[in-house]
Amino acid sequence: MGRFQRAVGVMILGTAVLGGLLLWLAVSSTQHHGGQAPREWFVLGLWQVLYDTAAPSSGELLAATGMALLFAAGVALLERRISNRSRRSEDLDRLPLAPKIVMAETRGVFHGPVTITVLVPAHNEAACIADTLRSLQSQSHRPERIIVVADNCSDATEDIAAAMGVEVFPTVGNTRKKAGALNQALREVLPRQGENDLVMVMDADTVLDDGFLEAAVRRMTADRGLIAIGGLFYGESGKGLLGQFQRNEYARYAREMERRRGRVFVLTGTASVFRPRALRTVAAERGRALPGVPGDVYDTIALTEDNELTLALKSLGGLMISPPDCTVVTEVMPTWKALWVQRLRWQRGALENLGAYGTTPQTFRYWAQQLGIGYGVIALASYLVLVTLMMVSLDQWVWFPFWVGIGVVFGIERIVSVWRAGPAGRLLGATLIPELVFAMFLNVVYVKGIIDISLAKSASWEHDDVAGAPVPVEPAVLERAA
Amino acid sequence: MSGLVQAWGLLLPETFLSSPFVAVLATFVAINTVMYLSLAVAKLLPKVYVSDYLQGANRRSENRSIHPHDPV
């Protein structure tokens, strides 16, 4: 790991800390009076309630609101500007997947109808492969080919797949996990794919919603410039409260994607569709414009290979989308330990990818996202310190109307943003505190990820054993603050 | 005499809450919370795309379909 890659975490967290420090200094340079004594109020003349009217000044409120909105709008505008520049680029050397270039190269010629070849990488997936394959075979637009990429399977995965009438591609001597297995299969498959013979990569623990492929084919038929479509994923049902936390998180992510009109953060490994041109170009650019081994589609060093491939395609100017009609249901982690391992890998993978790609226009949004989460860690931690200090210093419960008001607005936001997760999700959102605890858990993972990468601690793939199945790869759900 | 009688919480005296440090911390937390609240409210409101209201901003200049003879 290079020095820059190791420094990535420290750079991000350091910037966030610096921001917090500046705000702290600005706050302490203004005059602050100790709070007034709480007042008494008798509800219905009987029940004594203590309350404190302490609240920030209107100037402070305005400054805070302005700063937050300016930051958010600034990031959004810059991101839009950068993606528009890619969309209009005609720079064949730097952005060979830019839509104008792709369209120029395919103009006026019919390269055949859109077909779909699905690759399902599987490592001992006997428990779930049948459901995955059934969801493919029952699509309103059935894929032309389904290939299970059986990677060092010692269970019945291959037999089940063969019995269901799909092709099985056993890997040979693969030690590079999922990315290595996919590279082997793609080396066989890609050379025979025509311009519109799409390749879909789908996790074996994922079930495709009906209509996914039909929508993908429709969009790929209508737009020659579009080179990839990413699925929108929802969490499977079950796994209790921990499952609901993850379902809520995924539901918010899906809502955010719709608000972005499908502008992709990450082409999820759970299910994404690519034009072969996109994958061929990535393989050709590795070792040149992109990190990785020349000829490989997936970077086998990356912990989060789907995030890495997204960065690769974006860096080459590719146009991609995550439309609301392409949805998949994916596994949720059953235990806190499994979730810890999964998220640590996502976080570590996201940071390593940023280190590998550096500060480019295409990675700007991801840097901003990491910085946003870093500042969120500081904000949430300082909030918890304040609440703890209050709790150990007050001998009676005191109400703070200002904070109660803020809590109510947050409660509404938590409910509305998670509406599609159903009544259980809304109830969990409304209770605020449990989701705050969940956010704190993710924050601890974030800090651990930064410590690990800074110390160059070797990253692990142990999740396979912890969770009992490979986990979906989706760092973008870490998106919470920016 | 009143200085001798002080209300205590679980661990700290109540007067600790009127110290300058806590006042700064409270304002720091308040500003951060309001920042996140503004972002949360902004995400609740419908997103406006200016380009939707600009004529021609989303007009295709050529047929993008894989079928070369489809209308634009």
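## Aromatic rings in a predicted model

At 40% relative accessibility, A:W336 counts as partly exposed (20% to 50%; buried is under 20% and exposed over 50%, with a 1.4 Å probe and protein chains only). This is a predicted model, where local features need pLDDT of at least 70, side-chain atom pairs need 80 or more, and totals for chains, interfaces and linings use all residues. Residues are numbered from 1 along each chain as its sequence is written, chains are lettered from A and ligands numbered from 1 in the order written, and side-chain values use heavy atoms, without hydrogens and water.

Over all chains, the structure holds 13 aromatic pairs. Rings of Phe, Tyr and Trp (its six-membered ring) pair if their centres lie within 6.5 Å; planes under 30 degrees apart are stacked, over 60 edge-to-face, the rest tilted. Here are two of the pairs.

| Pair | Centre to centre | Between planes | Type |
|---|---|---|---|
| A:F233 and A:Y253 | 5.5 Å | 25° | stacked |
| A:W336 and A:F441 | 4.9 Å | 75° | edge-to-face |

A:F233 is buried at 1%, and A:Y253 is buried at 6%.

A:F441 is buried at 16%. Ring pairs also join A:F245, A:W336, A:W340, A:F438 and A:F441 into a cluster.
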